[in-house]
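This report describes selected strand pairings and salt bridges. Please consult the sequence and the structure as displayed here.

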Amino acid sequence: MTKFSWRKAALAAAVVPMLALSACSSTGGKPADTGNAAGGGQVASTPRIKIALITHAPAGDTFWDTVRKGAEEAAAKDNVELLYTGDPEAGRQAQLIQQAIDQKVDGIAVTLATPDALKDSLKKATDAGIPIVSLNAGEDVSAQLGAFTHFGSNEKIAGEAVGTRLAAENFKHPVCVIQAQGHVGLEARCAGVKAKVPGTEILYVNGADMTSVESTATAKLQASKDADVIIGLGAPITLTLLKSVATAGSSAKVASFDLNKELAQKIVDGSVLFTVDQQPWLQGYGAVDALWQNKRGGFKIGGGQPVLTGPAIVDKSNAADVLKFAEQGIR
């Protein structure tokens, strides 16, 4: 896999092996797996604890299936009862945090896509003595909101990686498609692209309605004949943008963030240039395992710093290898 030499990557490299050795909506994505998600091995002998994983997952986004799969595997290994809930609406996500507090959970793992809406609920959690880790979104505000570490990709760095790659390939007029306006991570991605390719335009779409995404992107490509690449910020969005390019008769290429097996296949086929994978399985696994380790010995992974799970470039050179793992639901 192509690697980038960011300074903080060393922390991720040190922590992820240790994690291995220590072994969007509640209606969104696939149902929880039954049985032992760890696929064998010995379950921890520590007392059973209860951890809540609360995300901003929209219905049907396969990205969150991968996060959840990692969390379930860690929970099975660590003798954890995992309570997975989520909602893309910030107010309802805050209510889910309060619900977890009322259930007297032993830890909360939470995404911080809309941190201002969650700060009061998270303050109640810390006041109740419940340890918190964040994942996926909100790295910059994670510590301020009481989390002892964060698992995810630095989205500005990820965006700059995409921008650097596009600039090297002489793209001048990207269209960066944001499916949830105000989401701090998505905004940071497009800002990172624009920092490297100043001609980047932002296009906002309604990510909850793929028909609307397709029609909005098609209209943009028809109106912007100089658009030479369009960037999706999630695999389902990117797969829809491929339809928009075809319908618009556009010559624009397609690039992406995030991954699922369908997108990996499109990279293998050459329909998509590349994607930047933040490795969501690691985010779910690391968040749950870090809370168990905190309960087990007061350990705080990360030393007060975020644990980076990306960015990792997947392109034609390595997509076939990654596809094997994507078909297992872990990439």
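## Burial of a charged residue

Is Arg189 buried or exposed, and what is its relative accessible area? Arg189 is buried, with a relative accessible area of 2%. Here, buried means under 20% relative accessible area, exposed means over 50%, and partly exposed lies in between, computed with a 1.4 Å probe on protein chains only.

## Basis of the model

The model is predicted: local features need pLDDT of at least 70 and side-chain atom pairs count only at pLDDT 80 or more, whereas totals for chains, interfaces and linings use all residues. Residues are numbered from 1 along each chain as its sequence is written, and side-chain values use heavy atoms, with hydrogens and water left out.

Helices (H or I, at least four residues) and strands (E, at least two) are DSSP runs, numbered from the N terminus. Strand β4 comprises residues 132-135 and is covered on both faces. Ile132 and Ser134 are buried on one side, and Val133 and Leu135 are buried on the other.

Two strands are taken to pair if DSSP finds at least two bridges between them. Strand β3 (residues 107-110) pairs with β4 in the parallel sense over three bridges, and Ile108 has Ile132 as its bridge partner in β4. Strand β5 (residues 147-153) also runs parallel to β4, joined to it by three bridges; in this pairing, Ser134 stands opposite His150.

Helix α4 (residues 115-127) forms a right-handed β-α-β unit with β3 and β4. Right-handed means that, with the strands pointing away from the viewer, the path from the first strand over the helix to the second runs clockwise.

## Salt bridges

The structure holds 14 salt bridges, each defined as a side-chain nitrogen of Lys or Arg within 4 Å of a carboxyl oxygen of Asp or Glu. One of them joins Arg189 to Glu155, at 2.9 Å from N to O. Arg189 belongs to helix α6 (residues 184-196) and Glu155 to helix α5 (residues 155-168), so the pair ties together parts that are 34 residues apart in sequence. Glu155, at 10% relative accessibility, counts as buried.

Within helix α2 (residues 62-78), Glu72 and Arg68 lie four residues apart, about one turn of the helix. Their salt bridge has its closest N and O atoms 3.3 Å apart, and both residues are buried. Arg165 and Glu169 form a salt bridge at 3.1 Å, N to O; Arg165 is partly exposed at 22%, and Glu169 is partly exposed at 37%. Lys77, Asp78 and Asp289 are linked in a network of salt bridges.
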